[in-house]
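Please look over the sequence and the model first, and then follow the paragraphs below, which go through a few places one after another.

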Amino acid sequence: MFLTKGKYHFFFGDETSISFFDNARKKICFPEERYIGVLELEECYKDVPEQLGLLLDVVTPTGVSAERAILFLRRLEPELWHLWKEGTFHLASRWNIIYSFKKDLTRMGIPDERIWLYALPVIESPFLAV
């Protein structure tokens, strides 16, 4: 289900992917926690990642698919980006959102074979779903 190869893993998603990333980091990144990521979350979900122990940054969505998350990635310090651009990117959300993020990653030089897409259904209680 998850690509576990690679030293670094980057997660991107929204409220539909919180529990998905919680499971993924336990399977992919255990015992080392070499992952970063950003979630676009509405205000009511902003504390859930921290409550689960996820080390992911949270941005508020703007209505434009993945806009703030892409800005987050572009603002990484060059030394950090040098490491993370060699990582595996796990994008989990609705198709329109992850497709937008994938296009930007491709423009930034990330090859398709290191970008994994997971389309998730919209559910009522995303942090409780598996």
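**A walk through the predicted model**

Trp84 belongs to helix H4, which covers residues 78-84, and the model in which it is seen here is a predicted one. With a relative accessible area of 7%, Trp84 is buried, because the cut-off for that word is under 20%. Which residues is Trp84 in contact with, once its neighbours within four places in sequence are left aside? They are Tyr8, His9, Phe10, Arg34, Tyr35, Ile36 and Phe89. For one of these, Tyr8, the separation from Trp84 is 76 residues in sequence, while the two C-alpha atoms are 6.4 Å apart in space.

Aromatic rings are the next topic. A search of the whole structure finds seven aromatic pairs, and among them is the pair of Phe11 and Tyr35, which is tilted, with 5.6 Å from centre to centre and 55° between the planes. This pair links distant parts of the chain, since Phe11 lies in strand E1 (residues 9-14) and Tyr35 in strand E2 (residues 35-40), 24 residues apart. Phe11 and Tyr35 are both buried.

Another aromatic pair is formed by Phe12 and Phe101, and this one is stacked, with the centres 4.2 Å apart and an angle of 10° between the planes. Phe12 is part of strand E1 whereas Phe101 is part of helix H5 (residues 95-107), so the pair ties together parts that are 89 residues apart in sequence. Phe12 and Phe101 are both buried. Ring pairs also link Phe11 and Tyr35 with Phe20, Phe21 and Tyr118 into a cluster.

Thr16 is located in the loop between E1 and helix H1 (18-28). Is Thr16 buried or exposed? Its relative accessible area is 6%, and Thr16 is therefore buried, as the limit is under 20%. The side chain of Thr16 is joined to the side chain of Asp14 by a polar contact of 2.5 Å.

The last stop is helix H3, made up of residues 67-74, whose buried residues are Ala69, Ile70 and Leu73. Why do they lie on the same side of H3? Around the axis they cover an arc of only 100°, and this puts them on the same side of the helix. What covers these buried residues of H3 includes strands E1 and E2, strand E3 (57-59), and helices H4 and H5.

Conventions: Residues numbered from 1 in each chain as written. Predicted model: local features only at pLDDT ≥ 70, side-chain atom pairs only at ≥ 80, totals over all residues. Heavy atoms only, no water. Phe/Tyr/Trp six-rings, centres within 6.5 Å; stacked < 30°, edge-to-face > 60°. Helix = DSSP H or I, 4+ residues; strand = E, 2+ residues; numbered from the N terminus. Buried < 20%, exposed > 50% of the residue type's maximum accessible area, 1.4 Å probe, protein only. Contact = heavy atoms within 4.5 Å. Polar contact = N/O pair within 3.5 Å; in protein donor to acceptor, adjacent residues only side chain to side chain. Arc of directions from axis to C-beta.
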